[in-house]
Structure formats: C-alpha cells, structure tokens
Amino acid sequence: MPQQPLRFALFGNVYQHAKSAAIRQVLTTLQEYGATVLIDEEYYDFLCCSEMIDVRNYQTFNGCSFEADFAISMGGDGTLLKTASRVRDKQIPILGVNMGRLGFLADISPREVESCFKALFTGEYRVEDRALIQVHTDGERLTGYNCALNDVAILKRDTASMISIRASVNGEYLTTYQADGLIVSTPTGSTAYSLSNGGPIIVPQTGVMLMTAVAPHSLNVRPIVLPDTATIELTVSSRSHTFLVAIDGQAEKLPEGTTLRLSRAPYQIKVVKRNSTHYFSMLREKMMWGADGRI
C-alpha cells in the first residue's frame, strides 16, 4: 500500500507584516514533498490580501474543524500559543517557525525551514509533550479556551489599586496576595511573563506549576513551585469589583468573588523539536548567558 501524503494545518500571525519569502519557502517545500496543506481561513485571507501570495489552490478550515499530521505556526510564541488553543486535545504535533524576535516555543528560523521539513519527512525529529493548566470557575463561566500552555494571569483592571487574591492549595490556605496580579505558569511558561516578574526558569517536562506575584505589596512574597498534581484555588477581591483572567494572553473580565480552580489538564500539547536542538544550548542563546556585553 502506498503511504498517504502527510497533512499539514497552517496557522499564522495576521496582525503583523509577515515575511513573504519564508511563507513561500514553507509552501514550496511542502509541495515538493507531495504534502497536503490546509490553511486557517483567517490566515488564508491575510495571505491573499496582504502578502499577495497565490494560495487559491489550498484547502481552508475554520475553528477547530481540521485534522492533520502536523500543525505549522508561522509567527512568534504568541502565534504558537494560539495554534495550541486550536489544536487542543487532537494530539497533533506543532512546529513553530519564528517570524519574530525571541522565541522559546517557535524556534525554527526562516532560513532553517527547508532543512527542518526535510527532517520531518525523514523522521529525524522528536516530539515533546508539554503540560497545560486547566481553569474552572465557580459562578460566571469562561467564554474562551480554558487551558494554558504558558500561564494563567489574574490581574487588576480599571484602577491603580491592587487586588487581593486568596490562594489555597489542595484545600489548605496558603496566603492572600496583595498585588497587581498573580501568574500561575507551566514549566513551558516559566520563561514568559513569570520570568519578567522574578520567577525561576523551570526545565520543560518538570512536573510542577509555578506561582509568581505581579508587583506584590510585601517584599517577603516570593515565587513558589508546586507539584502539578495540586489543585490551586484563587478568590479575588477588587475595588473595581471585577478582575481579569488572562489564559495565554487571552483576557476575560470576571466579577470579584469568583473562585478559580487551576489544575493540570488531562491532555498535553505536542511540540516538534529537531534532534539537533537542545534546551540548554537554546537557553544560553536566548538569554545571552556568557555573552560579553563589551564586545
């Protein structure tokens, strides 16, 4: 029986000017390997109108109604997070092509596209499982996707006043944060918003969750690492009587008094990595560890 051609679902950033050469390279390379390409409808319209790329012969899809062997994210880490919110529990591995600047998740540069896709078709790659944090609420329900690959941020809104966040772990009271907000992140998200607020870097596949306060009132408040088997309960009080919950950057407004329950999701997101890519070498490069600023 002849092998079926691989199917690729293509996603991209429609809010910034993309690099036409890189997009053409991806489409050309996949065509050379006889792959089937499906393009997210919004990205398809962007390519047609903004990039003047002829994609009329490609199939399109909308929402989560697609099936593929791989998903391709053309953008930065934010685009890959949005791609993950569309892949959800389909267990489709995601490949991130970095069209921006700093990318921990989207780590394939445009100049590496051809060699990377060759590795896909020859099997010279690995797939890493990345944990998600799942959010449930008491009271008003979330309208968007309720799982985060990077982090869940509880934040103040409207006023300059801090919010109060009562935190319990597995039913045991931890503390009440007086702060601008609180970040609960996965190991994948430890190099994102949490890091900019003084949180530690956690190696992916470590079975933990991280809680980091945003501008806490007390200097004694420090980040805390919890096992990912834990359930975190957060209840918010605010002078504006509302607060924001941002799941991988997608924010919703909720009324104060709402209790959020955060725990590890029952499924994982799969991320494609080349065999030649290693986490610590990437970390040194992205964080510029050991670089001499005088040079």
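Two strands count as paired if DSSP finds at least two bridges between them. In this predicted model, strand β7 (residues 133-138) is joined to β8 by two bridges. The two strands run antiparallel.

The β7-β8 pair belongs to an open sheet of six strands. Their order is β8-β7-β18-β15-β10-β11, with antiparallel pairing. The edges are formed by β8 (147-148) and β11 (172-179), each of which pairs on one side only.

The largest pocket holds about 460 Å³ of space. Its lining comprises 30 residues, and those closest to the centre are Asp 77, Leu 81, Leu 105, Asn 150 and Ala 192. Two or more lining residues come from each of α3 (77-87), β6 (125-130), β9 (151-155) and α6 (279-287). Helix α3 gives the most, with four residues. By residue class, the lining of the largest pocket divides into twelve nonpolar, nine polar and nine charged residues.

The second largest pocket holds about 390 Å³ of space. It is lined by 20 residues. Nearest its centre lie Asp 107, Ser 109, Glu 112, Glu 285 and Lys 286. Helix α6 supplies the largest share of this lining, four residues. The lining of the second largest pocket divides into five nonpolar, seven polar and eight charged residues.

Notes
Residues numbered from 1 in each chain as written. Predicted model: local features only at pLDDT ≥ 70, side-chain atom pairs only at ≥ 80, totals over all residues. Heavy atoms only, no water. 1 Å grid on protein atoms, 1.4 Å probe; cavity = no way out; pocket = protein on both sides within 12 Å on 5 of 7 lines; lining within 4 Å. Points joined across faces, edges and corners; volume = space filled by probe spheres on them. Nonpolar A, V, L, I, M, F, W, Y, C, P; charged D, E, K, R; others polar.
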